[in-house]
Amino acid sequence: MSSTSLIARQCRLREWAQMVQDCKSRPEEMSVDEWCEAHSITKANYYYRMTQVRKACLEALPKEVVERAIVPVPMELMSV
């Protein structure tokens, strides 16, 4: 990926992160659908952007933090 593409992606992710934060701060009685409509974005696109922001955050974490955060599930619990 070129440095220009990387910078463009970082800018886009910052904008999307702010958008997700704005939606999370919406009035309590306002649904995500209503917020999306008021901001001229589809609900599907909102959730796509939120997923991309989450992925970028996970990628930014040091690998050892992610590995420690994984909790093993005993096999006997898997069959329940």
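A search of the whole structure, a predicted model, finds 3 aromatic pairs. Start the tour with one of them.

**Stop 1: tryptophan 16 and tyrosine 48.** Select both side chains. Their rings form an edge-to-face pair, with 6.0 Å from centre to centre and 70° between the planes. The pair links distant parts of the chain: tryptophan 16 belongs to helix H1 and tyrosine 48 to helix H3, 32 residues apart. Tyrosine 48, at 45%, is partly exposed.

Arginine 12 lies over the face of the tryptophan 16 ring, at 6.0 Å from the ring centre.

**Stop 2: helix H1.** Select residues 3–24. H1 has 22 residues and runs 31 Å from its first C-alpha to its last, close to the 32 Å expected at 1.5 Å a residue. Now colour its buried residues, which are Leu13, Trp16, Met19, Val20 and Cys23. Viewed down the axis of H1, these residues fall within an arc of 125°, so they line one face of the helix. They pack against H2 and H3. Turn to the face of H1 that points away from the buried side: Ser3, Thr4, Ile7, Arg14 and Glu15 are the exposed residues there.

**Stop 3: the largest nonpolar core.** Which residues make up this core? Select Met19, Val20, Cys23, Val32, Trp35, Cys36, Ile41, Tyr46 and Met50, 9 residues in all. At least two residues of the core come from each of helix H1, helix H2 (32–38) and H3.

Within this set, pick methionine 50 and show its contacts. Leaving aside residues up to four places away in sequence, methionine 50 touches Val20 and Lys24.

**Stop 4: the aromatic cluster.** Select Trp35, Tyr46 and Tyr47, which form one aromatic cluster. Trp35 and Tyr46 are also members of the largest nonpolar core.

**Stop 5: alanine 44.** Finish in helix H3, residues 43–60, where alanine 44 is found. What is the exposure of alanine 44? Its relative accessibility is 61%, over the 50% limit, so alanine 44 counts as exposed.

Definitions and conventions. Residues are numbered from 1 along each chain as its sequence is written. This is a predicted model: local features need pLDDT of at least 70, side-chain atom pairs count only at pLDDT 80 or more; totals for chains, interfaces and linings use all residues. Side-chain values use heavy atoms; hydrogens and water are left out. Helices (H or I, at least four residues) and strands (E, at least two) are DSSP runs, numbered from the N terminus. Buried means under 20% relative accessible area, exposed over 50%, partly exposed in between (1.4 Å probe, protein chains only). A nonpolar core is a set of buried Ala, Val, Leu, Ile, Met, Phe, Trp, Tyr and Cys residues joined through side-chain atoms within 4.5 Å. Contact means heavy atoms within 4.5 Å. The expected span of a helix is 1.5 Å times one less than its number of residues. The arc is that of the directions from the helix axis to the C-beta atoms. Rings of Phe, Tyr and Trp (its six-membered ring) pair if their centres lie within 6.5 Å; planes under 30 degrees apart count as stacked, over 60 as edge-to-face and the rest as tilted. A charge sits over a ring if NZ of Lys or CZ of Arg is within 6 Å of the ring centre and within 35 degrees of the ring normal.
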